[in-house]
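Biologist: Please put the model up, and then we can go through its strands, helices and charged pairs.

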Amino acid sequence: MALTKKNFVLIVAGGIAVVTVGLAACLVLLTRDADIEFAQNPNSVEAHEAKRKLALFDEAQSTKRKGFVRFSEVEINSFLDQEQKNGSQTNAAVRLVRSSVLLAPPSLTFVSWHTARILGVNLPFVWQRTVNMNKGANGWGFSTRQMRVGTVT
């Protein structure tokens with residue numbers, strides 16, 4: 001069977017259609033909204049409590065007192081939410097919109113919502129990093145257990 005001009009055009013059009021559908025599917029997977037259930041939504045009262053605890057920690061460090069400060073998930077997320085609202089402007093290609101932490105011992109999950117300007121279009125996406133805390137010879141550190149871009153599970 002000879003390749004006619006009509007068949008060639010159909011093959012090229014079909015190839016373009018397959019690539020377009022594939023790119024659209026990838027775009028949908030990367031930009032769909034994250035469905036995260038927090039125990040409690042961030043609020044100003046918890047943000048204030050987190051700042052109070054940070055001030056106590058700072059004071060203890062400056063006077064060389066030992067101890068620790070315990071934060072709840074909602075305090076951390078309230079603090080991050082308030083600090084993000086007070087954030088600075090940037091001209092970076094990727095912009096941080098929001099960040100949160102999910103506490104699920106022995107893991108921590110850092111979630112950040114971003115927008116990236118690609119070909120003049122703002123594309124939202126979510127980046128999720130799950131880490132485990134490890135105690136080593138030089139102190140505590142994090143090892144990455146899982147990393148995802150797109151939806152959060």
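Predicted model: local features only at pLDDT ≥ 70, side-chain atom pairs only at ≥ 80, totals over all residues.

Biologist: Is strand β2 largely enclosed or largely open?
Modeller: Strand β2 covers residues 107-118. A residue is buried when its relative accessible area is under 20%. Of the 12 residues of β2, 9 are buried, so the strand is largely enclosed.

Biologist: In which sense do β1 and β2 pair, and which residue of β2 is the bridge partner of V101?
Modeller: Strand β1, residues 94-104, is joined to β2 by a hairpin through 2 residues. The two strands pair over 10 bridges, in the antiparallel sense. Within β2, the bridge partner of V101 is F110.

Biologist: How is α2 oriented relative to α3?
Modeller: Two packed helices are described by the angle and the distance between their axes. The axes of α2 (residues 44-62) and α3 (residues 73-85) come within 7 Å and cross at roughly 95°. An angle of 65 to 115 degrees counts as roughly perpendicular. Therefore α2 is, relative to α3, roughly perpendicular.

Biologist: Which residues of α3 meet α2, and how many residues in the contact are charged?
Modeller: On the α2 side the contact includes E46, E49, K51 and L54. On the α3 side are V74, E75, S78, F79, Q82 and E83. By class, the contact has 5 nonpolar residues, 2 polar residues and, as charged residues, 6.

Biologist: What is the N to O distance in the salt bridge of K51 and E83?
Modeller: K51 lies in helix α2 and E83 in helix α3, 32 residues apart, and the pair links distant parts of the chain. K51 is partly exposed at 34% relative accessibility, and E83 is partly exposed at 34%. Their side chains meet with an N to O distance of 3.6 Å.

Biologist: What separates E49 and R52 along helix α2?
Modeller: The side chains of E49 and R52 meet in a salt bridge at 2.6 Å, N to O. E49 is partly exposed, with a relative accessible area of 23%, and R52 is partly exposed, with 40%. The two are 3 residues apart in the helix, so the separation is about one helical turn.

Biologist: How many salt bridges does the structure hold?
Modeller: One of them is between R65 and E59, with the closest N and O atoms 3.4 Å apart. E59 is partly exposed, at 44% relative accessible area. For the structure, the number of salt bridges is 4.

Definitions and conventions. Residues numbered from 1 in each chain as written. Heavy atoms only, no water. Buried < 20%, exposed > 50% of the residue type's maximum accessible area, 1.4 Å probe, protein only. Helix = DSSP H or I, 4+ residues; strand = E, 2+ residues; numbered from the N terminus. Pairing = 2+ DSSP bridges. Axes fitted to C-alpha atoms, helices over the stretch in contact; angles between N-to-C directions. Parallel < 35°, antiparallel > 145°, perpendicular 65-115°, else oblique. Contact = heavy atoms within 4.5 Å. Nonpolar A, V, L, I, M, F, W, Y, C, P; charged D, E, K, R; others polar.
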